[in-house]
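The sequence and coordinates come before the comments.

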Amino acid sequence: MVNIGIIGVGGIANSTHIPQILESNGGQLCAICDIDKKRLRQTGKKYHIPPELQFENYLDLINCEKVDAVEICTPNYLHVKMAQDAIAAGKAVNVEKPLSVNFGEASKLNSFAANPTVPNMMCFSYRFMPAVRYAKEILDKGMLGKIISVNVEYLKSSAFSKDRRLEWRFIKKYAGTGVLGDLGVHLIDMAQLLIGEMKRVCATCGIVIKERPKEGSKELGAVETDDYCNFLVDFENGVTGTFSITRCAIGHNNTIKYQIFGTKGVISFDLTRTDILQVCLGEIDTESCGMHEIKVPKRFSISQEQMFIDLLNGKECSLLPTIADGLKCQKILDALLLSSENKQWVDLI
Ligand SMILES: NC(=O)c1ccc[n+]([C@@H]2O[C@H](COP(=O)([O-])OP(=O)(O)OC[C@H]3O[C@@H](n4cnc5c(N)ncnc54)[C@H](O)[C@@H]3O)[C@@H](O)[C@H]2O)c1
């Protein structure tokens with residue numbers, strides 16, 4: 001049974017990491033850390049973590065003998081430093097996305113990524129969605145023929161939520177990017193997994209809600225991170241892609257649409273329905289020119305935390321996202337911002 005310690009017990013730790021660990025086999029939640037004492041104690045009480053395994057300083061959690069592996073669920077600017085410290089202590093790491101606030105900072109993990117000394121994973125959570133794993137198998141079998149293009153939309157309206165304060169997500173030095181690092185990075189990682197490596201990008205990003213009330217105050221402060229990003233991609237293998245990522249799409253709570261077009265078929269999925277694929281595959285479908293729904297077989301279901309625990313227990317982990325993938329995506333995020341700023345294509349190679 002591997003013992004897991006979580007640094008940062010905010011939104012994602014409580015909504016995803018902890019519940020999935022509790023439902024998993026072969027691992028357990030052992031220790032937690034947060035600088036917010038109230039949140040630390042509340043989470044500790046809820047999950048029966050003894051007070052001596054509730055830490056305010058993350059180094060104490062990393063160096064705790066009882067902790068075998070560390071999950072980093074803090075704001076983006078802390079990921080690299082915390083990962084470096086965990087790796088130096090010989091602890092396996094699972095790092096939330098995006099890897100960092102920019103590629104320069106993320107590059108501090110270059111040599112580790114090239115030659116990992118401990119098991120490591122990045123939380124590109126969408127890789128664990130059954131529809132994505134099934135789509136990967138269909139693509140790998142060549143059933144779509146030669147891939148021509150991919151169209152991706154991630155539409156949310158969360159920027160308009162009146163009660164959202166100027167939290168770390170809206171400040172560049174803490175977040176690096178806005179909707180791009182929050183949502184877009186998942187779809188960028190998926191594209192690299194399903195289609196191949198990106199060769200160049202051309203983007204336009206912007207901020208719609210320019211000011212928000214500062215935390216604990218009525219004073220307004222400037223939003224510094226992107227609310228939307230529309231971009232074109234050329235992949236190394238000749239595929240072309242369009243991405244529309246926004247938190248300013250009124251009427252959309254969470255629409256995630258992925259469409260992949262090939263010479264022999266189409267796959268389309270909406271990640272609000274992760275057990276379904278829409279397809280047009282083979283001669284009969286193509287002739288009738290209709291999409292239809294197929295159910296994703298059960299064998300494609302695995303949770304993110306179960307895979308991390310399987311990794312720690314030495315089991316085979318297919319499509320495992322790693323820090324190396326996090327680095328590739330960080331490079332693309334930087335390229336998208338640069339492209340938008342300079343109004344030109346940016347090469348990734
Ligand atoms: N994989 C996904 O789908 C997904 C979804 C949401 C968030 N995330 C990522 O998870 C990370 C956290 O996001 P969140 O929404 O949970 O944020 P959050 O603000 O709700 O939680 C972050 C927690 O980290 C704590 N913290 C800050 N500095 C700390 C420090 N030095 N030591 C210990 N704890 C510290 C905060 O007090 C807070 O409790 C971000 O990187 C975000 O991008 C990923």
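**Notes on the predicted chain**

1. In helix H7, the buried residues are Pro130, Ala131, Val132, Arg133, Tyr134, Ala135, Lys136, Ile138 and Leu139; buried means under 20% relative accessible area, exposed over 50%, and partly exposed in between (1.4 Å probe, protein chains only). H7 covers residues 130–140 and is mostly covered, with nine of its eleven residues buried. Helices (H or I, at least four residues) and strands (E, at least two) are DSSP runs, numbered from the N terminus. After H7 comes Gly142, with a positive phi near 80 degrees.

2. On provenance, this is a predicted model, in which local features need pLDDT of at least 70, side-chain atom pairs count only at pLDDT 80 or more, and totals for chains, interfaces and linings use all residues. Residues are numbered from 1 along each chain as its sequence is written, and side-chain values use heavy atoms, with hydrogens and water left out.

3. As to overall form, the protein chain contains twelve helices and 17 strands. Its radius of gyration is 21 Å, close to the 20 Å that the globule rule gives for 349 residues, so the chain is as compact as a globular protein of that length. The radius is taken over C-alpha atoms, and the rule is 2.2 Å times the number of residues to the power 0.38. The C-alpha trace spans about 65 × 50 × 40 Å along its principal axes.

4. Of the 349 residues in the protein chain, 54% are buried. Contact means heavy atoms within 4.5 Å; among contacts with a separation of 6 or more, 70% are between residues 24 or more positions apart.

5. The record places "domain: Gfo/Idh/MocA-like oxidoreductase N-terminal" at residues 2–114, a range that is 42% helix and 20% strand, with its end C-alpha atoms 25 Å apart. The record also lists "domain: GFO/IDH/MocA-like oxidoreductase" for residues 132–267. That range is 21% helix and 37% strand, and its end C-alpha atoms are 10 Å apart.

6. Which residues does Leu327 contact, leaving aside its neighbours within four places in sequence? They are Leu99, Phe103, Ala106, Ser107, Leu109, Asn110 and Ala113. Leu327 is found in helix H12 (residues 323–342) and counts as buried because its relative accessibility is 7%. Between Leu327 and Trp345 there are 20 Å in space, C-alpha to C-alpha, and the two are 18 residues apart in sequence.

7. Most residues other than glycine have a negative phi, and most peptide bonds are trans. Lys97 and Pro98 are joined by a cis peptide bond, with omega about -15 degrees. Pro98 sits in the loop between strand E5 (92–95) and helix H5 (103–106).

8. Cys289, which is not a glycine, has a positive phi of about 50 degrees. This residue lies in the loop between helix H10 (282–288) and strand E16 (292–295), and at 67% relative accessibility Cys289 counts as exposed.

9. Leu319 likewise has a positive phi, near 60 degrees, in a residue other than glycine. The loop holding Leu319 runs between helix H11 (304–312) and H12. With a relative accessible area of 24%, Leu319 is partly exposed.

Note on methods:
UniProt positions renumbered as here; feature names shortened; annotations may be inferred.
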